[in-house]
Amino acid sequence: MLWVEILNRISSNAYSKHMNNQLNGSILSVEGLNVFYGNFQAVKNVSFSVKGGEIFGLLGPNGAGKTSTLSAVEGLLKPASGKITVAGHEVSKDPLLARANMGVQLQSTNFQPELHVEEIIRLYAGVHGLKLEKERIRQILAEIKLEDAAAKKFGQLSGGQQQRVSLVIALLHEPQMVLLDEPTTGLDPQSRRQLWERMEALREKGHGILLTTHSMEEAEAVCDRIAIIDHGRVIEVDTPNALIDKHRNDEAVIKASRKGKITLEDVFIGLTGTEIRE
Amino acid sequence: MQTIPSTKDSLMALMRADFTTQWRNRRSAIMAILVPVIILISWKGIAEKTGAAFVLSNAISFGLTAIGLMGYAITIARDRDKGVFQRLRVSPIPTWTIMMSRISVQLAMILILTLVVYVVGYNVDKISISPIGYLLGFFAAFIGGAVYLGLGQMIVGLIKNAETVNSTTRLIFFFFIMIGVFGELAPFADMGSFGKVLSYISKYSPYGTVRRILSVAMEPSKWSPETTISLLATIGYAIIFSTLGIKWFRWNSK
C-alpha cells in the first residue's frame, strides 16, 4: 500500500532526524566515566565520542584503563559514575537496547570449545534474534574465505581464522557501533592487513568503530582519531597526524625518537613515559 | 537501529547450543549415569532385604550428586574461565537466560538419569514400584536435583579457579558417596553417642534428606513427620545454596 509506505518513510525520516539530534552525530558517547575496583580508581572522568564512519583508537599502556573503559561501554562492569550512550540508548538504563546496537569482539576468543563454527554463528545469530539457514551461514563463511571451516571446532582454526570468525559474529546483526579489543594481537602481517581492510570497509559503510590496540602502527594506519589514556585519564584526543605535529618538539618525544623521524609511538612514549607497566 | 530480540528466541538459541555441547560431552554425561547403574548392579543382592525404594533412591541420589557437582559446576567453572559467559553477556539477552539454558540441560539429565535407574532396576535387579511411585520419584528427583545444582552454583560462586572447582566438587562427591554408603548402611548404633551424632548428621545431610524424600516418594504410604522435616530441609538446602550461589557468583574468573 502506497500510503503505508509514505507513512513509514515520514516516520522513519522523523526518527532519523530525532536520533541525529539526540546523538549529535555520535554513535557512542562516553561522558565523565569513573570506574573503581574497591578503592582503586581505574578510570578517571573519561569522556570521548565516536561518530558513524569513524575508527576511534583507544591507546594506553597496560593497566591504563582501556579495558575497564571498554568493559563499561559493553555493560560488563558498572561504573561508579558517568553516562554512556550507544546509538541513543543509555547503557545503564537500556542495557539490552544498547547491546543490540553494538557488535563486540573481546580480547580473547571465547566460544564453547565443543561447538562447530557453524553452530557458534547460529547461536550468536539467535541471541540477536536472527534465524540463519545453513546456506546463509555457508555464504557468510565463504565471504571470509572460510567455507571449509563450518564443521570445524573454533579451536581448530588458526589465529587469523579465529579473528575473522569473531569479527563476522560481532557484525552478524549489523550493529551501528563496533567494539574491537586488541583484535590484531598475535596475528601475522597478512591477517592483520586483512583485518584493517575489513575495518575500513565497515567505516565506509558508516559503522562507528572503537578500537583498543597496543600497536602504534595499527593506530596510525587505520584510526581517524585517537585517545591516549594513562593512569585512568584521557591525556590527548586527536587525529594521529595532529598528535604528532602537536608534540614533535616535546623534549620527551624527541628523546623517545629512534630514527630521527617522529612517529606516533614516539609521541605515545613521550606522553606516557618509558617505564614498563605490569 | 536494532531492537531487542525476543527472550524466547534467545533462550531457544542458547538451549540449542547448550544441548549440542552436552551431546558432544556425552562421555562425561554417561559417567554421571554410570555410577548409579553400577550401584544398582552391585546392590542387586541387598534389594530384596532393603526394598526397591531404598535401592532406587540411593542410586538416583548418587546420580544427582554427580550431575549437580560434576556436570553443572565443572562446566560452569570451565566456561567462565574461558570467557564464554562474558562473550554472551555482551549480547542483548537477559543474563538469567544464560543460566536458565544451562539448568535446563541439567534437568534433562536428571530426567534421563531417573529413567535409566528405573529401567535398569526393573531389568537387572528385578525391582519395581507402583506407577504413582515412579511418577512421584520423578518429582522428588527434580527437587533433589535442585539441591545439588544449588550446591554446584555455590561452589562456583565461592571458588573462581576452574581447576580448584574441579577438585573440590570431586572431593565433595566422594564425601557424599561415603555418607550414602556408611550413613545408610553402617551400624552407627554400635559407636555409642558418637554414632548417634554421625547417624543424625547423615540423616539430615543434603544427601540424607534427598535420599529420604526420593525413597518415600516411591512409597507414598511410608510418609511420616520425619519425611516432612526431610522435605523442608531439602527445599531449605536448595534455597540457601542457590541464593548464596547466585549472590557470590561472578561471571568473570579474573
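Reply:

Helices here are DSSP runs of H or I with at least four residues, strands are runs of E with at least two, and both are numbered from the N terminus. This is a predicted model, in which local features need pLDDT of at least 70 and side-chain atom pairs count only at pLDDT 80 or more, while totals for chains, interfaces and linings use all residues. Residues are numbered from 1 along each chain as its sequence is written, and chains are lettered from A and ligands numbered from 1 in the order in which they are written.

As for its setting, 13 of the 13 residues of α10(B) are buried, so the helix is largely enclosed by the rest of the structure. A residue is called buried if 20 or more other C-beta atoms lie within 10 Å of its own, exposed if 12 or fewer do, and partly exposed in between, with C-beta atoms placed from the backbone.

Chain B also holds a helix pair, α7 (residues 131-158) and α11 (residues 225-248), whose axes come within 7 Å and cross at roughly 30°. These axes are lines fitted to C-alpha atoms, for helices over the stretch in contact, and the angles run from 0 to 180 degrees between N-to-C directions. The two helices are therefore roughly parallel to each other, given that angles under 35 degrees count as roughly parallel, over 145 as roughly antiparallel, 65 to 115 as roughly perpendicular and the rest as oblique. Their crossing is left-handed, a term for a near helix turned anticlockwise from the far one by less than a right angle, with clockwise being right-handed. Among the residues that make this contact are B:Ile143, B:Val147, B:Leu151 and B:Met154 on the α7(B) side, and B:Tyr237, B:Phe241, B:Leu244 and B:Trp248 on the α11(B) side; two residues are in contact if their C-beta atoms, placed from the backbone, lie within 7 Å. The contact divides into twelve nonpolar, seven polar and no charged residues, where Ala, Val, Leu, Ile, Met, Phe, Trp, Tyr, Cys and Pro count as nonpolar, Asp, Glu, Lys and Arg as charged, and the others, Gly among them, as polar.

Between the chains, the contact draws on 27 residues of chain B and 25 residues of chain A. On the chain B side, α1 (7-24), α4 (52-82) and α5 (84-89) each supply at least two residues, and the largest share, nine residues, comes from α1(B). By class, that side has eleven nonpolar, ten polar and six charged residues.

One helix of chain A meets α1(B) in this region: α4(A), residues 117-127, packs against α1(B) at an angle of about 160°, with the axes 7 Å apart, which makes the pair roughly antiparallel. Here too the crossing is left-handed. A:Glu119, A:Leu123, A:Gly126 and A:Val127 make the contact with residues of α1(B) that include B:Asp9, B:Met12 and B:Leu14, and the classes are six nonpolar, three polar and two charged.

Within chain A, A:Ile55 lies in strand β3 (residues 55-59) and is buried, with 24 other C-beta atoms within 10 Å. A:Ile55 and A:Met199 are 144 residues apart in sequence but 7.9 Å apart in space, C-alpha to C-alpha. By contrast, A:Ser81, in strand β4 (residues 81-86), counts as exposed with 11 C-beta neighbours inside 10 Å. Leaving aside residues up to four places away in sequence, A:Ser81 touches A:Gly32 and A:Asn34.

Two backbone details complete the picture. Most residues other than glycine have a negative phi. A:Glu174, however, has a positive phi of about 50°; this residue lies in the loop between α6 (159-170) and β7 (177-181) of chain A and is partly exposed, with 14 C-beta neighbours inside 10 Å. In chain B, the phi of B:Lys126 is likewise positive, near 55°; B:Lys126 sits in the loop between α6 (95-123) and α7 and is exposed, with 11 other C-beta atoms within 10 Å.
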